[in-house]
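Here are a few exercises to work through with the model open beside you. Try each task before you read its solution.

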Amino acid sequence: MSAALFIKNAATDRKQIALTFDDGPHPVFTPQIMDLFKKYGAKGTFFVTGQHVEQYPEIASRLLEEGHEVGNHTYSHPRLKETDPESTKEEIERTEAIILDATGFKTTLFRPPFGSYNEKTLEIIADAGYQCILWSEKQDTKDFSMPGTDRIVDQVIGNLQNGDIILMHDSSEDPVCNREQTVEALTILLPWFEEHGYECVTVSKLLDK
Ligand SMILES: [Zn+2]
């Protein structure tokens, strides 16, 4: 396999999409998102950081229990483009061990913080047994900047294509953050998907060959 492998979306005719959330788990917003997903029978993928799983292992565990997927998003959220190979490896392995300990789940999905990587990073990710998951070019909601619930909703619906991987955030590097707009956008998006026949699935299911 090529070391330069990363995934931005899935080529599929099915009306399936993957909602993805970075930087959690968060003690307030991740459970709110899980509650909404449960209501609509939707599944999501959460790219968690090792340090936040250490703080909130029971929330990470609940994600798996409720059928969501968890991916590795490093321990301390560095820009991997500027991180030396040894530290990159350690960021991945340390987080893998923490996720496994909290959830019993060995994830094979990895998302680099800030989408920052270079060729060497991709090689390390692949060697560690991970698929590098980015997001659809037009589905970066920039919800972390709190652009307004309507802007988040319009961004997603206005650009929606089958197989999209949609980027959202349930936390940030600093758990003292506000993701109310993200949650509010989901209260509009999830019923909209249901009404229009879109299935929200995990990244692994979306990529299911
Ligand atoms: Zn992140």
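**Exercise 1.** In which loop does His77 lie?

*Solution.* The model is a predicted one, in which local features need pLDDT of at least 70, side-chain atom pairs count only at pLDDT 80 or more, and totals for chains, interfaces and linings use all residues. Residues are numbered from 1 along each chain as its sequence is written, and side-chain values use heavy atoms, with hydrogens and water left out.

Start with the helices (H or I, at least four residues) and strands (E, at least two), which are DSSP runs numbered from the N terminus. His77 sits in the loop between β4 and α4. Next, look at the backbone: the phi of His77 is positive, near 60 degrees, though the residue is not a glycine.

**Exercise 2.** Find the residues that coordinate the zinc ion.

*Solution.* Take as donors the N, O and S atoms within 2.8 Å of the metal (3.2 Å for Na, K and Ca); water is not among the atoms, so sites may look incomplete. The search gives Asp23 (OD), His73 (NE2) and His77 (NE2), at 2.0 to 2.1 Å. Along the chain, these donors are spaced as D-x49-H-x3-H. Asp23, in the loop between β2 (16–22) and α1 (29–40), and His77, in the loop between β4 (69–72) and α4 (85–103), are 54 residues apart, so the pair links distant parts of the chain.

**Exercise 3.** Describe the backbone of the loop between β2 and α1 around Asp23.

*Solution.* First recall that most residues other than glycine have a negative phi, and most peptide bonds are trans. Asp23 has a positive phi of about 85 degrees although it is not a glycine. Then check the peptide bond from Gly24 to Pro25: this bond is cis, with omega near 0 degrees. Pro25 also belongs to the loop between β2 and α1.

**Exercise 4.** Work out which residues of α4 are buried and how they are arranged.

*Solution.* The buried residues in α4 are Thr88, Glu91, Ile92, Thr95, Ile98, Ile99 and Thr103. Viewed down the axis of α4, they fall within an arc of 135 degrees (taken from the directions from the helix axis to the C-beta atoms), so they line one face of the helix. Glu86, Glu90 and Asp101 are exposed on the other side of α4.

Conventions
Buried < 20%, exposed > 50% of the residue type's maximum accessible area, 1.4 Å probe, protein only.
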